[in-house]
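This briefing is intended for reading alongside the sequence and the coordinates. It begins with one residue and then turns to a second residue and to the chain.

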Amino acid sequence: MSKKITAIILFLSVFTLQDAMAQVKIGYTNPARVLSQLPEVEQVDEQINALIDQRDEELASKATDLQQIFSNYESSMANLSQQERAVKEQELMEMNQEFEQDRETMMNEIRQKRNELMAPIIEKMNTAMEEVAEEMDLDLVLNEGTSYGDAIIFFADNEGLDITDKIIAKLK
């Protein structure tokens, strides 16, 4: 019985060793660097900046109006009864909350618009990355860093593993 177990373990070990010895071809890239080289991204940034400027103007106008209403309240506060003050303060709080909601809505709209405009560019980059990986017969392509800029790849013995420039060349 123990000879059968030993034979099975030996048999499985051979396959495990064989799999371990099979070399996995890996490459890595820096998508942020790829995107920074594309003129389409600059165009998206210009569109987003124009949208931000437009929305900032709208919010600035609302903020000025809100500030004027608050100043008017402060100057007339002495002439108001306690109940009138409470009502007016509640109105001011609601107006301020509405302003904050408008600002949050604006920020979400800008994020959504940027994602919408960037989606085809990112898809194009991903397609180029896949093509380069296939041309180089890579099994795996890693991202050099996180979306927050933190490094994932801290060391690579072979600079040939970095396929970023090949992706950029394919996109141009």
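Leaving aside residues up to four places away in sequence, threonine 164 touches Tyr28, Thr29, Asn30, Arg33 and Val34, where contact means heavy atoms within 4.5 Å. The model is predicted: local features need pLDDT of at least 70, side-chain atom pairs count only at pLDDT 80 or more, and totals for chains, interfaces and linings use all residues. Residues are numbered from 1 along each chain as its sequence is written, and side-chain values use heavy atoms, with hydrogens and water left out.

**Threonine 164**
- Threonine 164 lies in helix H5 (residues 164-171); helices (H or I, at least four residues) and strands (E, at least two) are DSSP runs, numbered from the N terminus.
- With a relative accessible area of 0%, threonine 164 is buried (buried is under 20% relative accessible area, exposed over 50%, partly exposed in between; 1.4 Å probe, protein chains only).

**Aspartate 137**
- Aspartate 137 sits in the loop between helix H4 (82-135) and strand E2 (140-143).
- Its phi is near 55 degrees, a positive value in a residue other than glycine.
- Aspartate 137 counts as partly exposed because its relative accessibility is 48%.

**The protein chain**
- The protein chain has 5 helices and 2 strands, in the order α-β-α-α-α-β-α from the N terminus on.
- Of its 172 residues, 22% count as buried.
- Among contacts in the protein chain with a separation of 6 or more, 81% join residues 24 or more positions apart.
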